[in-house]
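Here's a quick briefing to read alongside the coordinates. Have the viewer open and follow along topic by topic.

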Amino acid sequence: MELRHLRYFVTVVEEQSITKAAEKLCIAQPPLSRQIQKLEEELGILLFERGSRPVRTTEAGQFFYQHAVQILTHTAQATSMAKRISSVNKIVRIGYVSSLLYALLPQIIYLFRQNNPDIEVELIECGTKDQIEALKQGKIDIGFGRLRISDPAIKRILLREEKLKLAVHKNHYLTQYIDQGIYLSQIINEPIFSYPASQKPNFSTLIQSIFTELGLVPKDMIEVREIHLALGLVSSGEGICIIPESASDIGMKNLVYIPILDVEAYSPISLSVRNMDQSNYIPSILDCIKNVFEEENMVFKPSDST
Ligand code: BEZ
């Protein structure tokens with residue numbers, strides 16, 4: 001017995017007519033009658049009362065109808081769920097904060113693509129805070145961010161703590177600290193560009209909280225839309241800005257980068273996924289991160305964060 005036989009039978013019962021059922025199923029009436037007859041022979045029971053108009057089921061036919069409907073419903077549900085699972089396995093949407101493009105994110109994604117040629121990767125720029133909602137709504141499957149944001153529905157894995165640097169113009173008087181490094185207490189009177197100007201908390205909030213943790217109040221913090229604007233303004237001699245160490249690779253002209261010596265001056269880089277998500281792409285991306293860290297001679301010690 002095939003599923004189509006059950007579909008023919010159910011349609012005849014519901015339409016109470018071979019003619020109408022044949023129209024609905026887009027097949028000719030004689031083959032439909034033959035298939036119903038074959039089904040009765042295969043089951044060894046009469047499903048319809050002979051000669052009844054409109055067509056009426058026997059008691060056994062009515063019983064069989066209830067179960068046939070259930071089988072068809074379960075099959076349709078199983079098909080649509082399997083399709084959803086297979087689409088999740090084929091497309092992985094990764095949210096990221098843009099500054100991670102200067103860090104190891106491109107290498108990690110490239111390796112993930114090579115290791116998983118069957119998975120389509122979609123990259124979506126998204127602030128760390130927005131990543132939490134996007135994960136819950138199924139708009140992204142993995143988030144790479146820079147903040148310590150907790151949510152009971154989200155599992156956050158701390159990947160590393162990236163050092164921060166001070167970007168100054170090459171002729172700025174602070175360049176004298178390029179070799180020895182500088183403390184944040186030494187820059188509170190300078191105009192400091194912070195970024196981004198997106199929904200808070202963001203990288204700008206992180207920098208503010210580091211100053212607060214150190215008991216410092218910078219006099220002149222100027223918020224700009226994004227890191228490129230901050231660096232461009234510094235390159236024009238307008239002020240200074242704090243960047244994640246990896247962003248010193250951006251290569252904007254006339255800039256030098258001074259190490260910041262305060263131990264509090266770091267930006268956490270973490271991976272977020274939905275709690276209880278058992279998808280295969282999660283261990284796979286962690287494996288890629290581990291390999292890239294090893295290539296870069298960096299220690300990979302991921303830890304679950306709250
Ligand atoms: C990193 O630079 O450590 C990094 C960047 C993006 C994702 C994971 C790690």
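This is a predicted model: local features need pLDDT of at least 70, side-chain atom pairs count only at pLDDT 80 or more; totals for chains, interfaces and linings use all residues.

The chain splits into domain 1 (3-84), domain 2 (85-159 + 270-305) and domain 3 (160-266).

**Domain 2 against domain 3**

- Start with the spacing: the C-alpha centres of domain 2 and domain 3 are 26 Å apart.
- Where they touch, 13 residues of domain 2 are in contact with 16 residues of domain 3.
- The two domains bury about 1,300 Å² between them, and carbon and sulfur atoms give 59% of that area.
- On the domain 2 side, Tyr-102, Arg-146 and Leu-147 lose the most area to domain 3, and together they make up 46% of what that side buries.

**Polar and charged pairs across the interface**

- How many salt bridges are there between domain 2 and domain 3? The count is one.
- Arg-146 and Glu-162 form a salt bridge through their side chains, at 2.8 Å from N to O. Arg-146 is also among the residues of domain 2 that lose the most area to domain 3.
- Three residue pairs are in polar contact across the interface of domain 2 and domain 3, counting pairs with both residues at pLDDT 80 or more.
- Looking at the elements on the domain 2 side, α6 (128-136) and β4 (154-169) each supply at least two residues that touch domain 3.
- By class, that side of domain 2 has nine nonpolar residues, four charged ones and no polar ones.

**Around the ligand**

- Which residues surround the ligand? They are Leu-100, Ala-103, Leu-104, Leu-105, Ile-108, Phe-144, Leu-159, Arg-160, Ile-269 and Phe-293.
- From that set, Arg-160 has a side-chain N or O atom 2.5 Å from an oxygen atom of the ligand.
- Leu-104 comes in through its backbone instead, with a polar backbone atom 3.0 Å from an oxygen atom of the ligand.

**Backbone spots to check**

- Arg-53 and Pro-54 are joined by a cis peptide bond, with omega about -5 degrees. You'll find Pro-54 in the loop between α3 (29-43) and α4 (59-90).
- Another cis peptide bond runs from Tyr-195 to Pro-196, where omega is near -5 degrees. Pro-196 belongs to the loop between β5 (191-194) and α7 (203-213).
- Asn-254 isn't a glycine, yet its phi is positive, near 65 degrees. Look for Asn-254 in the loop between β7 (240-244) and β8 (255-259).

Conventions: Residues are numbered from 1 along each chain as its sequence is written. Side-chain values use heavy atoms; hydrogens and water are left out. Domain bounds come from an automatic or database domain assignment. Contact means heavy atoms within 4.5 Å. Buried area is the accessible area (1.4 Å probe) that two parts lose on being put together, summed over both. A salt bridge is a side-chain nitrogen of Lys or Arg within 4 Å of a carboxyl oxygen of Asp or Glu. A polar contact is a pair of N or O atoms within 3.5 Å; within protein, one must be able to donate a hydrogen and the other to accept it, and residues adjacent in sequence count only if both atoms are side-chain atoms. Helices (H or I, at least four residues) and strands (E, at least two) are DSSP runs, numbered from the N terminus. Ala, Val, Leu, Ile, Met, Phe, Trp, Tyr, Cys and Pro count as nonpolar, Asp, Glu, Lys and Arg as charged, and the others, Gly among them, as polar. A residue is near a molecule or strand if one of its heavy atoms lies within 4 Å of it.
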